[in-house]
Amino acid sequence: MPPRTRGGYTSTAPRRRPTGSERRRRVQLREVEPEHPQHDRDETEEVLEGAPGGPIDRCILRSFHKHVAAKIWLGEDRAPLKLVNHGAKLQLWELDVERSRIYETVQRSGLAPLISCSHRVASRPMLSAFCERWQPETMTFHLPFGEMTITLDDVASILHIPITGSMISFSQPLRVDDANALLVELLGTTDVEASRETEQCRSPSVRLQWLRENFSTITDVSSDDDIDFATRAFLLHLVGCTLFADKSAISVGVVYLELFRDLSMVGSYAWGAACLAFMYRQLTTATRFEVRQLGGYLTLLQM
């Protein structure tokens with residue numbers, strides 16, 4: 001009977017002893033095999049270790065240990081967030097019949113629905129609870145019955161603004177000097193007025209009140225240039241109170257003014273997509289325990 005090998009198969013060929021070169025090659029392969037020190041395995045296990053009150057496996061929710069929900073599970077509570085809501089400020093700048101030319105341009109921009117759909121009051125307890133359920137890694141609310149999120153379809157249905165078109169992006173942060181130049185070119189202010197306003201804001205921003213005080217009195221009998229300046233100021237005021245409401249609570253970034261350079265092209269931008277991305281970023285920031293304020297367009301979140 002032929003001999004039986006270690007794997008259970010039979011073979012009639014005699015065993016061949018490895019040559020010296022083969023033995024040296026095996027030794028070299030063993031020497032170059034990667035080693036995994038014990039401390040590397042410990043670090044990996046620490047990253048994937050479950051979190052108290054959270055996921056058992058943190059391979060997806062890796063930042064949960066910094067989440068406000070983790071702190072609440074450990075007994076540390078956080079007061080309801082302070083909300084940035086400018087719904088009432090929108091009513092301070094009305095486009096009546098004496099400003100019909102400005103209103104017509106705003107209508108063509110696709111942003112006019114924001115004037116009437118904004119809530120004047122937002123619920124601090126409810127929106128704070130939503131932030132406690134938001135997970136930055138999945139961009140969804142983790143609720144007892146499953147996951148939910150805000151979609152572009154929600155933006156179109158609630159706000160009625162464009163969700164398709166040219167994307168809104170800026171290659172680099174706007175410097176104060178560049179902001180002053182934009183104010184002079186697109187709003188017709190003087191260098192002194194622009195510098196004074198950005199210095200007061202301590203950033204490349206302008207106050208919402210400053211926009212109202214300087215441009216809300218312009219009517220249809222004004223010059224064409226003044227009407228264009230007032231239209232850009234109104235649109236900047238509008239997005240600063242709604243889509244891009246930041247946590248300064250009183251100002252809006254001059255960087256958005258560049259989007260209103262050509263008033264005939266304002267309606268070509270995907271404003272809904274930009275609003276949703278900005279809201280996602282604000283929710284992600286608000287999940288950190290040390291954060292005490294929530295920005296973004298809260299009407300979209302509350303609806």
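**Strands and their surroundings**

His-142 stands opposite Glu-147 in β4. This is a predicted model, in which local features need pLDDT of at least 70 and side-chain atom pairs count only at pLDDT 80 or more, whereas totals for chains, interfaces and linings use all residues. Residues are numbered from 1 along each chain as its sequence is written, and side-chain values use heavy atoms, with hydrogens and water left out.

Strand β3, which covers residues 140-143, pairs with β4 in the antiparallel sense over three bridges; strands are DSSP runs of E with at least two residues, numbered from the N terminus, and two of them pair if DSSP finds at least two bridges between them. The two belong to an open, antiparallel sheet of three strands in the order β2-β3-β4. Because β2 (134-135) and β4 (146-148) each have a single partner strand, they stand at the edges, and one side of each is left without a neighbour in the sheet.

Another strand, β6, spans residues 251-253 and includes Ser-251. With a relative accessibility of 7%, Ser-251 counts as buried (under 20% relative accessible area, with a 1.4 Å probe and protein chains only). Its side chain makes a polar contact of 2.8 Å with the side chain of Ser-248, a polar contact being a pair of N or O atoms within 3.5 Å, one able to donate a hydrogen and the other to accept it. Once neighbours within four places in sequence are left aside, Ser-251 is in contact (heavy atoms within 4.5 Å) with Cys-201, Ser-205, Val-206, Arg-207, Leu-208 and Asp-246.

Terms used
Helix = DSSP H or I, 4+ residues; strand = E, 2+ residues; numbered from the N terminus. Buried < 20%, exposed > 50% of the residue type's maximum accessible area, 1.4 Å probe, protein only.
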